Amino acid sequence: MILSKLAARPVLLLFGLVAAFALPWLIYPPVAMDIACWALFAAALDLLLGFTGLLSFGHAAFWGGAAYAAGLIAVHWGVPFPVAVLGGALFAAVLAVPIGYLSVRLRGIYFAMVTLAFAQMVYFVVNQWRDLTGGENGLQGVPREFFGMDLSDPFFFYYAGLPFVLLGLFAVWRIVRSPFGRVLVSIRDNPARAQALGYPVERYKLLAFVLSAGLSGLAGGLYAISHGFASLHEVYWTTSGQAVMAVVLGGIGTLWGGAIGAALIVELNDYLATAGFTETGLVTGGIFVVIVLVFRRGVWGTARDLIAARAARRSPAAGTDSAAAQVEAPDRQEVTAR
Amino acid sequence: MKALGRAAAVAAVGTMLAGCGGGPGGGGGKISDGRLVLAVLNDQSAIYADLSGKNSVEAVKMAVADYKAKYGDKAVTENIDVIAADHQNKPDIANSKAQELYDRQKADTIMDVPTSSAALAVANIAKTKKKVFIDIGAATTALTGANCNKYTFHYGYNTYMLAHGTGSTVTKDGAKNWYVVYPDYAFGQDMNKSFSTAVQGAGGKIVKSDPAPFPNDNFSTFLLKAPGLSPKPQVLGTMQAGGDLVNLVKQYNEYKLRDKGIGLAVGLMFLTDIHSLGADALAGTKFTDPWYWNADQGNRAWADKFLAKTGKRPTFAHAANYSAALQYLDAVQRAGTDKSDDVVKQLEGHKFEDVFAKNATIRAQDHLLLHDVALAQVKPSSEVKEPWDYEKILKTIPADQAFQQPDPACKL
């Protein structure tokens, strides 16, 4: 089973990369860019939700905060867009320090509520600071400057923005596979024990929170540049909810599942805009309910379990490898057991 | 750096590939792709669905039919499509949909787009794509101010017009002292500012103006406070819209403020708002209406046609969509082509008269439509003679007084 896993991984990776590069050929490029941004956002949130066990309901603050920061940098200084995007990510990470410092002491629903409260505070600041943010008109006319290159075509901009998304996804993957990531998983599963082993649990959680926020900010900044504006919608709580939804739909603790969930949500939104239904909320809600009922561990989580089960049936000996398999994929079993 | 290099390489390859496929179509037709496409992008599923929504699409289709009937064989093209998309009031959806409508569906113009953030986002797309955009549903003056551009038109109403129409007229009619409650976001703040200027300009006084949270269900704090203010306000001016307005009016009636001598003036109200609250809940309320279906015979005749198609009477937004589509088609006819620059040239400074826009000019400096608007009052139910007959027109505010002077911040 380990052998088949080792073989499967490059294949899946290749498949993912091909999908990422082919996306704007298959669907409308601005929508493809949205999917890429949301995929990174979902993966960044999954770092916290799936691997640290913290359900943040306030990530819109970082996504949206970075969107505004990147937008403002681009509007006022006219720098190349990568600088603005990275500036946005940095802003989100810095913003996450005080918010995270105060929130990570709490657990479960209390953590979710406090992060939501902070995000709402950010929302109101953005709403009221009209001279800077444009209030509910949004921050309009964000330029897409890149050393004089014409990136106004969304098709080209997709390829200009994709490296950031891939870089961000790679960062998430690297963090999860690092010794630091292992500690996060142990904190998720048994914080008391992690503490007893001498790990400063809260500091670890805070760092995970800041990293997650920074990566969400990377996605948010790119999103603002891609759309050419930042709006209040970006910092509103429904955006936090949509990110959590993407992770849940794709599969908590699967990293790549978030990308599937994100694609699903963005495509659905896009499709419903011209489908002619009046009850858009009902349709989206219904589809989500069905997915959650049918795919208990999210689309990717369930698919992976099915593949693993089939592989186990083919080689009965694989059962003995289960302990080793668990080391390979420590992120799978415990999530639902919690 | 490596990542950026790769991006550049990919972009370069992409350029070549796209160059092969997507060259200009060529050919002699004066109408691009052989057809005119009018796209209505608005809210078809949420709070603005009733006052505009799908029925605005119907109104645009009516305009197309009337255009064809008017020009017959002489029409510049036979093929006119009306398409629609739902932006769900989300600016990011409006933004991507607008690009898609212009690029993929070959829309020659996008119309309606309520919600100011969405409207401004679409205006930016129109600017970069150099395609005509006629906004009807949004109220912000930024569309013809700091965010104006050569391809964007604002048609029907805006915050200045609403506030000035009601504020100055009601004050001149004797209500000197005002208490203003406004929702605490850009629309409300704009309205409050314009309203105060209008009231003071007409010799009135703002006793107090209070921001209310948005959205809000409970307005009792403000309503209970109103009679105790000194000097006692004669009018409560509310800038709330939609669901908030419904709540405020219901509570205003529960506290019987009208009996205590405090009248009600509303910043923005649609026919559908009165319909859902009932005439009695709002009886006596004054507000500015850009157009009312039963104001004269011409309006009524058009409203009858609209009723036959949709089963409802039109709001001013429906009529404005009809009129905007008609004027756009007329401009294409005059220009003989759908090339944006030529159509814009035809629209700029155009003076005309139609069922919606009376005494109308499209101002060349900022692309704002100037037209006569009305100060209206809601009738008590005893005077309502037929369904949807809710308004009494008190006076007409002439086009040159109804709207603001061009904003120097606007550079087309």
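Student: Where is A:Ala93 found?

Tutor: A:Ala93 is found in helix H4 (residues 81-103) of chain A; helices (H or I, at least four residues) and strands (E, at least two) are DSSP runs, numbered from the N terminus. This is a predicted model, in which local features need pLDDT of at least 70, side-chain atom pairs count only at pLDDT 80 or more, and totals for chains, interfaces and linings use all residues. Residues are numbered from 1 along each chain as its sequence is written, while chains are lettered from A and ligands numbered from 1 in the order in which they are written.

Student: Is A:Ala93 buried or exposed?

Tutor: A:Ala93 is buried, with 22 other C-beta atoms within 10 Å. A residue is buried if 20 or more other C-beta atoms lie within 10 Å of its own, exposed if 12 or fewer, and partly exposed in between, with C-beta atoms placed from the backbone.

Student: Which residues does A:Ala93 touch, not counting residues up to four places away in sequence?

Tutor: They are A:Val210, A:Ala213, A:Gly214 and A:Gly217. Two residues are in contact if their C-beta atoms, placed from the backbone, lie within 7 Å.

Student: How many residues of H10(A) are buried?

Tutor: In H10(A), 23 of the 27 residues are buried, so the helix is largely enclosed by the rest of the structure. Just after H10(A) comes A:Gly228, with a positive phi of about 80°.

Student: Turning to H3(A), at what angle does its axis cross that of H5(A)?

Tutor: The axes of H3(A) and helix H5 (residues 108-128) of chain A cross at roughly 25° and come within 9 Å. Axes are lines fitted to C-alpha atoms, for helices over the stretch in contact, and angles run from 0 to 180 degrees between N-to-C directions. H3(A) is therefore roughly parallel to H5(A); angles under 35 degrees count as roughly parallel, over 145 as roughly antiparallel, 65 to 115 as roughly perpendicular and the rest as oblique.

Student: Which residues make the contact?

Tutor: H3(A) contributes A:Ala60, A:Ala61, A:Gly65 and A:Tyr68, and H5(A) contributes A:Phe118, A:Ala119, A:Val122 and A:Val126.

Student: And how many residues of chain B are in contact with chain A?

Tutor: In chain B, 37 residues are in contact with 35 residues of chain A. H1(B) gives the most to that side of chain B, with nine residues.
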